[in-house]
Amino acid sequence: GDVVFGPFIADPLGGPVLGQLQVKDILGEPSEPSEQSFAQNVLWFFICISVCHTVQVNSKDMQYSGPSPDEVALVEGANSVGVSLKSRRKTELQKEEIVVCAPSIGSGENRGKGRVTDHVFVVLHTIEFSAERKRMSVLCQHEGVIHCITKGADIALATVLTSKLGAKEEDHLRFFSEMGLRTLVVASKTVDPSAFASWESQWLTAKGSLES
């Protein structure tokens with residue numbers, strides 16, 4: 001809530017896109033621990049955008065397509081700052097994997113300026129957007145950790161967030177809304193494996209009863 005990026009809309013005269021420059025600068029090469037922590041949060045935000053969607057990617061030319069122009073625009077926006085949806089693929093067990101290529105932040109031999117890492121997310125379940133939920137969720141596994149990534153209308157997410165939106169976030173949403181812009185909230189949480197197993201059992205039962 002403390003950062004408002006500049007526009008991500010291309011300058012028709014070919015000038016720099018301020019929002020892209022700001023994000024690239026943050027993700028560039030943070031040195032202090034506080035800078036690295038902030039950069040990790042910004043990076044995770046764009047990774048969430050690159051995972052929670054139904055966009056398809058042509059890996060040959062990195063062209064994105066999908067039923068929702070808004071989703072395509074969000075994925076393209078993430079790609080413009082170096083967080084790129086690289087591929088969707090099926091595993092041998094027919095699980096869907098989303099591969100996101102992103103800058104490496106922190107310490108270690110694979111970290112540093114100009115270095116990138118492929119992040120593989122195994123999609124466990126996708127709950128697509130509906131008029132009733134007003135949000136979309138993807139449950140996925142990354143490096144052994146289960147995540148629930150959700151994006152949707154602020155009024156829909158405000159009721160399910162662990163921590164309420166702060167005054168600054170509310171002010172930003174109100175400001176953008178008054179400008180006539182569409183607003184979107186992105187949230188994520190880690191899910192305990194036992195809690196996920198319990199939820200999945202109920203989810204599959206409910207899904208099966210609707211399909212029968």
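**Close-up views of a predicted model**

**View 1. Residue A187 in strand β8 of the predicted model.** A187 belongs to strand β8, which spans residues 185–191. The model shown here and in the views that follow is predicted. Once neighbours within four places in sequence are set aside, the contacts of A187 are with C148, I149, T150, L157 and L161. A further pair of positions may be located in this view: A187 and G152 are separated by 35 residues in sequence, while their C-alpha atoms lie 8.9 Å apart in space.

**View 2. The protein chain as a whole, for orientation.** The protein chain contains 6 helices and 8 strands. Followed along the sequence, these elements occur in the pattern α-α-β-β-α-β-β-β-β-β-α-α-β-α. Of the 212 residues in the protein chain, 34% are buried. When contacts between residues at least 6 apart in sequence are considered, 45% of them join residues at least 24 apart.

**View 3. The packing of helix α1 against helix α2.** Helix α1, residues 18–28, packs with helix α2, residues 33–51, at an angle of about 125 degrees, and their axes are 9 Å apart. This angle makes α1 oblique to α2. The crossing in which α1 passes α2 is left-handed. On the side of α1, the contact is formed by V23, I26 and L27, and on the side of α2 by F38, A39, V42, L43 and F46. Sorted by class, the contact of α1 with α2 comprises 8 nonpolar residues, with no polar and no charged residues.

**View 4. The packing of helix α2 against helix α3.** Helix α3 covers residues 69–80, and its axis and that of α2 come within 9 Å and cross at roughly 140 degrees. The two helices, α2 and α3, are therefore oblique to each other. Here α2 passes α3 in a left-handed crossing. Residues F46, I49 and S50 of α2 meet L74, V75 and A78 of α3 in this contact. The residues of the contact of α2 with α3 comprise 5 nonpolar and 1 polar, with no charged residue. F46 of α2 takes part in the contact with α3 and also in the contact with α1.

View 5. H53 is located in the loop between α2 and β1, the latter being residues 56–58. With a relative accessible area of 2%, H53 is buried. Apart from residues up to four places away in sequence, H53 touches E71, V75, L85, R88, M136, V138 and K151. Among them, V75 also belongs to the contact of α3 with α2. F129 is 76 residues from H53 along the chain, and the C-alpha atoms of the two are separated by 9.4 Å.

View 6. A disulfide is a covalent bond between the sulfur atoms of two cysteines. Counted with a cut-off of 2.5 Å between cysteine sulfur atoms, the model has 0 disulfides. C52 is in no disulfide, and the nearest cysteine sulfur, that of C48, is 8.0 Å away. C52 is buried, its relative accessible area being 1%. For C140, the closest cysteine sulfur is likewise in C48, at 8.0 Å from the sulfur of C140, which is too far for a bond. C140 also counts as buried, at 0% relative accessibility.

View 7. K134 is found in the loop between β5, residues 116–127, and β6, residues 135–142. The phi angle of K134 is near 55 degrees, a positive value in a residue other than glycine. K134 counts as partly exposed, at 35% relative accessibility.

View 8. For E143, phi is near 55 degrees, a positive value in a residue that is not glycine. The relative accessibility of E143 is 71%, and E143 therefore counts as exposed.

Conventions:
Residues numbered from 1 in each chain as written. Predicted model: local features only at pLDDT ≥ 70, side-chain atom pairs only at ≥ 80, totals over all residues. Heavy atoms only, no water. Axes fitted to C-alpha atoms, helices over the stretch in contact; angles between N-to-C directions. Helix = DSSP H or I, 4+ residues; strand = E, 2+ residues; numbered from the N terminus. Parallel < 35°, antiparallel > 145°, perpendicular 65-115°, else oblique. Left-handed = near helix turned anticlockwise from the far one by under 90°. Contact = heavy atoms within 4.5 Å. Nonpolar A, V, L, I, M, F, W, Y, C, P; charged D, E, K, R; others polar. Buried < 20%, exposed > 50% of the residue type's maximum accessible area, 1.4 Å probe, protein only.
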